[in-house]
Amino acid sequence: MNPLAIIGRTLIALTREAGAMSLFAWRGVSAALSPPWYWSQLGAQFLRIGYFSLPVVGLTAVFTGAALALNIYTGGARFNAEQFVPNIVVLGITRELGPVLASLMLAGRVSAAMAAEIGAMRVTEQIDALETLSTDPFRFLVGPRILAAVITVPMLVLVADIIGVLGGWAVSTQILDFNGATYIRNTVDFVTRWDVVSGLIKAATFGFIIALMGCYHGYRSKRGAQGVGRATTNAVVSAAILIFAANYVLTTLFV
Amino acid sequence: MSKTDSDIKISIRDVHKSFGSNHVLQGVDLDVCPGRSMVVIGGSGTGKSVLLKCILGLITPDSGSIIIDGKPVTHLSERKRAKVMAKFGMLFQGGALFDSLSVWENVAFRLLYADGVGRKAAKQRAEAALNQVNLGAEVMNLSPAELSGGMQKRVGLARAIVAKPEILFFDEPTTGLDPITADVIDNLIRRQVTALGATAVSITHDMGSVRKIADDVAMIHEGKIIWRGPVKDVDNSGNDYVQQFVTGSEDGPIKVLAR
């Protein structure tokens, strides 16, 4: 086959997919921001995305903070700069690792669950049923998920920031012989409001990506178990890639 | 005999629909009169489900028009579409009950989420609708997954009738059910359509079901309506395609392997 034809076909497919995704996002955001709102659905999504993800996010953060402290101590020792462990841990956690790693875990947990649930609803005609019951599926399914993710992922990341710093503190005081009070004082004195806020802005963006990918791939799921399985995989992979890409763009804006 | 607009509840005119190179509907024309139960028969892959979804607005036809109560409904805004949907009740082939909701919440869904009825009143109406399909209060709080296939169909029927719709749609209502349960569902459908005075459109390939629930029958083949008439004429249609379908014979103009 002609290589140019392959490139052309791939570009057309990518453009078509990007267009479909943009239209879907527009409809989803419109549904999230205009009445009627389905409060019970929104509450359920707050619980699923926020509360039930706390253990995963917490465990990720505590081990990341601990490992970060050990690595910074090892690297810093080469320049007699071990005392900067608290400063670099809090900077790394709040600006980068907290939002990115928590969101990647949520992409695996939340995007996959959304794609599987909405995909199953698609193949069992439950989404068609919603329409015949005078209920817009975008308002009932997509809007609440996007809204809940944009609000709860920053909250989760804030918790991850605190737990990540505590993970670094625990390792530093128990293994690296740091003084606990001094560690905390250094952390608080060093971190700025913008370090935290920029991480939370990233988290809200990643939350949007997580919900959008889960809903988009689930909604477009083809018939059968294989279709739902493929939608779930696509949701996780595309959410993870978009999180990395968005992280790079936001970091260049925030530096 | 020609019919005036007021004699026709649903009018389908020259409706075409293709999926890629597959031309599923190739110019469907069909009228359904008010208060009549129209059953569309046809083999698998002949376009029955696509036709039903076009009427419901779940699929937009490529061309042609669908007119309900004298008003075209093919290209409507979200709000106008919701108003038209308020006239409809639909029983899906697999029930399409919402897994995350209890039985009564499924039945009362339209009342709760579209009509703004309070939970207490909605629950009472759901219980009444369940009673009409011979289900008692003991199933109200169960999950749909705890019900048998026949019970799920009955809950789906209760959900379709709870808001007293003007038009009821049934997609293969007896598929996958044993003959006795299928007969129960057919009787319930006939009784509810008559009680509501509703217009009904069903698709099925179950001739037993056709004889129970139809006033009029139309046969779709290769994307076109090739015969229609009252149910009493279906056995003597004079149409070879209908005759083959009714008798279920392999011999005739319909070639299964060719589809």
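**Notebook: sheet, cores and a helix**

I began with B:Arg13, which stands opposite B:Ser65 in strand 4 of chain B. I note that the model is predicted.

I then looked up how the strands pair. Strand 1 (residues 10-19) and strand 4 (residues 63-68) of chain B run antiparallel to each other and are joined over five bridges. I find four strands of chain B in an open sheet, in the order 2-1-4-5, with antiparallel pairing. Strand 2 (22-32) and strand 5 (71-72) of chain B each have a single partner strand and stand at the edges, so one side of each lacks a neighbour in the sheet.

Next I turned to the nonpolar cores. The largest has 133 residues, and those touching the most other members are B:Ile10, B:Ile12, B:Leu25, B:Leu130 and B:Phe169. Both domain 1 (1-30) and domain 2 (37-254) of chain A give residues to this core, so it lies between them. A second, separate core has 11 residues, among them A:Ala66, A:Ile93, A:Val171 and A:Tyr183.

I listed the contacts of B:Ile10, leaving aside neighbours within four places in sequence: B:Leu30, B:Asp31, B:Val32, B:Ile55, B:Ile67, B:Ile68, B:Ile167, B:Phe169 and B:Val201.

Last, I checked helix 3 (residues 54-77) of chain A. At 1.5 Å a residue, its 24 residues should span 34 Å, and the end C-alpha atoms are 34 Å apart, which agrees. I recorded its buried residues, including A:Val57, A:Gly58, A:Ala61, A:Ala66, A:Leu68, A:Ile72 and A:Gly76. Their cover includes helix 4 (85-123) and helix 6 (137-174) of chain A.

Key:
Residues numbered from 1 in each chain as written. Chains lettered and ligands numbered in written order. Predicted model: local features only at pLDDT ≥ 70, side-chain atom pairs only at ≥ 80, totals over all residues. Heavy atoms only, no water. Helix = DSSP H or I, 4+ residues; strand = E, 2+ residues; numbered from the N terminus. Expected span 1.5 Å × (residues − 1). Buried < 20%, exposed > 50% of the residue type's maximum accessible area, 1.4 Å probe, protein only. Contact = heavy atoms within 4.5 Å. Core = buried A, V, L, I, M, F, W, Y, C linked by side-chain atoms within 4.5 Å. Domains from an automatic or database assignment. Pairing = 2+ DSSP bridges.
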